[in-house]
Amino acid sequence: MATKMLRLPSVRSCTGKSKSTIYQQIKTGLFPPPVPIGPRATAWSDDEVDATNRAWLAGKSPEQIRRIVANLVAARAVTAVGGQS
């Protein structure tokens, strides 16, 4: 299954959060950072956005969400090194 890449307007729509809230949550570890998709463009994996939304909906604590986000970001590195898509 291919992962969709979401640009900021789609992420805002999926989360119901403003641009400033998304970037504040990235800064505090509560939302995964975007990945570069071009020289001047970034996007988010729909899987990561969905996992974060599910955590908030499940009532996870901010610390639990930080761990989820850290695991999502760490999984990126494993996938990149392993060469899997």
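Let me start with a term: a residue is buried when under 20% of its relative accessible area is left, exposed when over 50%, and partly exposed in between, using a 1.4 Å probe and protein chains only. This is a predicted model, where local features need pLDDT of at least 70, side-chain atom pairs count only at pLDDT 80 or more, and totals for chains, interfaces and linings use all residues. Residues are numbered from 1 along each chain as its sequence is written, and side-chain values use heavy atoms, leaving out hydrogens and water.

Helices (H or I, at least four residues) and strands (E, at least two) are DSSP runs, numbered from the N terminus.

Strand E3, residues 41-45, has four of its five residues buried, so the rest of the structure largely encloses E3. Strands pair if DSSP finds at least two bridges between them. E3 pairs with strand E1 (residues 5-6) in the antiparallel sense over two bridges, and Met5 stands opposite Ser45. Strand E2 (residues 35-38) also runs antiparallel to E3, joined by three bridges; there Val35 has Ala43 as its bridge partner. Two residues lie between E2 and E3, which form a hairpin.

Next, helix H2. Which residues of H2 are buried? They are Ile22, Gln25 and Ile26. The face turned away from the buried side carries Ser20 and Lys27, both exposed. After H2 comes Gly29, with a positive phi near 85°.

Key. Contact = heavy atoms within 4.5 Å.
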